[in-house]
Amino acid sequence: MATSARSRAVPLLVARRGARSARSFSSESSSSYSKLTTGFSSRISNVQESFFYPVDRVVVNVPATTANLGPGFDSFGFALDVWNRVIVQKSDRFEMVVEGEGEGRISLTEDNLVVQCVRKVLHSLGKEMPPLRFECQNAVPPTRGMGSSSAALVAGLAAGLALGGKDVTTPANKKLLLQLAANEEGHADNVAPAIYGGFQIAFNAEGHWITQRVHIPDGLQCVLFIPDDEMPTTEARAVLPAKIDRKDAIFNIARASMLINCFGT
Ligand SMILES: Nc1ncnc2c1ncn2[C@@H]1O[C@H](COP(=O)(O)OP(=O)(O)OP(=O)(O)O)[C@@H](O)[C@H]1O
Ligand SMILES: N[C@@H](CCO)C(=O)O
């Protein structure tokens with residue numbers, strides 16, 4: 001089954017050993033090389049150690065992701081070497097600064113997705129959100145199919161957990177982060193690679209989100225075609241049929257399985 005590709009970044013994998021990746025990104029219609037992040041974790045591990053310390057400042061780096069990979073609708077996604085950085089600091093008043101992609105369009109008020117996520121996590125930990133200064137340095141263009149909302153969700157939730165005293169580098173807290181982020185997003189194909197890096201197969205099993213890494217060859221690069229036009233995920237999903245034929249399901253199962261096998265051989 002395919003989702004609407006109109007106005008979404010379309011990934012094309014090419015093996016280019018030793019080739020350089022793009023250093024910067026633009027939201028203009030363009031094709032661009034981006035390395036896949038094949039490391040064993042995303043740079044979410046950069047969150048400041050927070051065990052037993054009052055945390056005043058948190059820095060989170062979260063990658064762009066591409067999801068719906070081939071036949072893997074809502075389940076296959078991988079991380080790209082394009083990063084948003086969110087710096088959250090205790091302050092005497094609320095402040096939001098957005099630089100880079102989405103500047104001038106992304107909300108500067110407390111309804112910003114990153115802020116909402118920090119507040120939500122702190123609430124769930126029984127804490128009120130203190131006055132905070134947010135600095136968002138964005139390289140991920142919003143509403144182009146590069147997982148900008150997932151990057152914002154993961155950054156906000158991770159920052160909230162860290163401010164609430166959790167060490168988000170531990171496997172248990174990464175798992176918690178996956179549950180929180182996928183529940184917010186409704187599917188895990190962007191948030192799983194945003195948290196764990198690399199190529200992830202993610203799904204929901206009886207209310208619990210599960211993700212598994214697909215080992216991919218080193219040196220793969222992804223060519224992205226990024227459209228000028230924006231397409232919010234809600235609009236793209238709205239054109240999908242609620243049901244699919246058995247023959248379409250069979251078509252998809254076979255190709256999804258073959259895609260994973262191709263990466264492994
Ligand atoms: N850096 C950001 N900071 C705060 N909010 C953001 C940020 N980036 C995106 N958003 C929010 O997410 C919305 C875009 O989400 P949407 O799911 O439509 O696109 P996407 O995540 O870029 O695409 P896809 O999920 O298909 O890859 C924006 O309208 C904005 O509300
Ligand atoms: N699988 C998701 C990816 C984009 O968020 C979708 O198609 O909505």
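Biologist: Which element gives the largest share of the shell around ligand 1?

Modeller: That is H2, which supplies 4 residues of the shell; please keep in mind that this is a predicted model.

Biologist: And how many residues surround ligand 1, and which are the closest?

Modeller: The ligand is surrounded by 22 residues, and the closest of them are Leu-113, Ser-148, Ser-149, Pro-232 and Thr-233. Two or more residues of that shell come from each of helix H1 (113–124), strand S6 (132–138) and helix H2 (148–163).

Biologist: How does the shell around ligand 1 divide by class?

Modeller: It has 12 polar residues and 9 nonpolar ones, together with 1 charged residue.

Biologist: Changing topic, is strand S3 mostly covered or mostly open?

Modeller: Strand S3, which spans residues 57–67, is mostly covered, since 8 of its 11 residues are buried. S3 runs antiparallel to strand S4 (residues 76–90), and 10 bridges join the two.

Biologist: Which residue in S4 stands opposite Arg-57?

Modeller: Arg-57 has Gln-89 opposite it in S4.

Biologist: What about the loop between S3 and S4, and what is the phi of Asn-68 there?

Modeller: Asn-68 is found in that loop, and although it is not a glycine, its phi is positive, at about 55 degrees. Most residues other than glycine have a negative phi.

Biologist: Why does Asn-68 count as buried?

Modeller: Asn-68 counts as buried because 23 other C-beta atoms lie within 10 Å, and the cut-off for that label is 20 or more.

Biologist: Where is Thr-143, and what is its phi?

Modeller: Thr-143 lies in the loop between S6 and H2, and its phi is also positive, near 50 degrees. With 21 C-beta neighbours inside 10 Å, Thr-143 counts as buried.

Biologist: Stepping back, how many helices and strands are in the protein?

Modeller: The protein has 6 helices and 9 strands, and 37% of its 265 residues count as buried. Of the contacts between residues at least 6 apart in sequence, 72% join residues at least 24 apart.

Note on methods:
Residues are numbered from 1 along each chain as its sequence is written. Chains are lettered from A and ligands numbered from 1 in the order in which they are written. This is a predicted model: local features need pLDDT of at least 70, side-chain atom pairs count only at pLDDT 80 or more; totals for chains, interfaces and linings use all residues. A residue is near a molecule or strand if its C-beta atom, placed from the backbone, lies within 6 Å of it. Ala, Val, Leu, Ile, Met, Phe, Trp, Tyr, Cys and Pro count as nonpolar, Asp, Glu, Lys and Arg as charged, and the others, Gly among them, as polar. A residue is buried if 20 or more other C-beta atoms lie within 10 Å of its own, exposed if 12 or fewer, and partly exposed in between; C-beta atoms are placed from the backbone. Two strands pair if DSSP finds at least two bridges between them. Two residues are in contact if their C-beta atoms, placed from the backbone, lie within 7 Å.
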